[in-house]
Amino acid sequence: MIADLLSRVSSNGRAVDTELIERAYQFARTAHGDSVRLTGEPFITHPVAVSEILSELGMDDKTIAAALLHDVVEDCAVDCQRIRAEFGDEVAELVEGVTKLRRIDFNTRQDQQAENLRKMFMAMARDIRVIIIKLADRLHNLRTLDPFPPERQEEKAQETLQIFAPLAHRLGIWHLKWELEDLSFRYTNAEIYWDMVRKVKKTREQRVHEVDQAISALVSKLKEEGVEAEIQGRPKHLYSIYNKMLRDEVDFDRIYDLTAIRV
């Protein structure tokens with residue numbers, strides 16, 4: 001488990017304090033002990049998965065270490081002074097920041113209140129990495145939401161659509177935003193979600209091919225003009241297609257822009 005994480009973290013070519021990450025992992029594994037998640041997996045699999053998401057985003061080693069430790073203060077009666085003594089001020093402050101965010105009350109989530117909560121998140125997190133850890137934490141929780149009762153699933157999904165996905169959008173972390181929205185969509189409108197999965201799947205291969213062709217043409221043209229650019233393309237995610245259907249009051253068959261390209 002830790003070997004895979006260290007491999008991922010080291011793969012981006014940057015200098016990484018693997019000893020710090022490994023110590024954080026061992027500390028968290030000992031602190032969580034025999035605790036298990038509702039999925040039946042050892043609890044340590046959750047902070048490791050959160051850390052893997054962050055490694056994919058290219059986050060630094062102290063952020064990865066903090067992600068491994070992000071639940072130990074709240075769940076294992078480990079105080080922040082202990083974290084500070086073991087891992088230093090920077091990691092301790094990240095862990096403490098995530099711990100504070102967990103204590104925000106989400107019971108009222110009308111639109112205005114949701115905006116207030118988003119502002120509160122940003123204000124409370126003196127270091128933006130705290131928000132990014134929290135987003136990765138929420139993403140993995142959504143990926144493993146199946147064992148929860150339906151009402152709890154819908155509550156978490158609605159919370160994500162109103163609080164966390166807009167934060168990911170605000171920070172420009174599109175990969176997290178898209179997955180947070182689609183996973184939430186699955187639990188808030190399951191029937192529509194699975195119907196769209198079936199419809200989109202029929203055309204996905206063609207849409208991927210169209211995106212690849214468009215990117216190839218753009219790369220060629222930009223190179224001719226001497227413009228350096230990074231180009232990313234994808235078939236649009238289900239939640240954005242669904243919102244477009246609602247906004248334009250049209251059926252799926254009348255949605256033609258099922259792909260997106262960003263330069």
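**The largest pocket and beyond**

Reply: Happy to! The largest pocket holds about 570 Å³ of space. A pocket, on a 1 Å grid over the protein atoms alone, is an open set of points where a 1.4 Å probe fits, with protein on both sides within 12 Å along at least five of seven lines; points are joined across faces, edges and corners, and the volume is the space filled by probe spheres set on them.

Before going on, note that this is a predicted model: local features need pLDDT of at least 70 and side-chain atom pairs pLDDT 80 or more, while totals for chains, interfaces and linings use all residues. Residues are numbered from 1 along each chain as its sequence is written, and side-chain values use heavy atoms, leaving out hydrogens and water.

The pocket is lined by 24 residues (each with an atom within 4 Å of a point), and Arg-102, Asp-137, Asn-141, Arg-152 and Lys-156 lie nearest its centre. By class, the lining has 11 charged residues, eight nonpolar and five polar. Here Asp, Glu, Lys and Arg count as charged, Ala, Val, Leu, Ile, Met, Phe, Trp, Tyr, Cys and Pro as nonpolar, and the others, Gly among them, as polar. Helix 7 (89-102), helix 9 and helix 10 (150-170) each give two or more residues to this lining, and helix 9 has the largest share, with five. Helices are DSSP runs of H or I, at least four residues long, numbered from the N terminus.

Helix 9 leads us on to the largest nonpolar core. That core has 59 residues, and Leu-54, Leu-69, Val-72, Ile-83 and Leu-135 have the most contacts inside it. Helix 9 (residues 128-143) gives the most to this core, namely eight residues. A nonpolar core is a set of buried Ala, Val, Leu, Ile, Met, Phe, Trp, Tyr and Cys residues joined through side-chain atoms within 4.5 Å; buried means under 20% relative accessible area, exposed over 50%, and partly exposed in between (1.4 Å probe, protein chains only).

Take Ile-83 as a close-up. Leaving aside neighbours within four places in sequence, Ile-83 is in contact (heavy atoms within 4.5 Å) with residues including Phe-27, Leu-69, Val-72 and Val-95.

Finally, Lys-244 is found in helix 13 (residues 238-248). Lys-244 counts as buried because its relative accessibility is 18%. Beyond its neighbours within four places in sequence, Lys-244 is in contact with Glu-249, Ile-255 and Asp-257.
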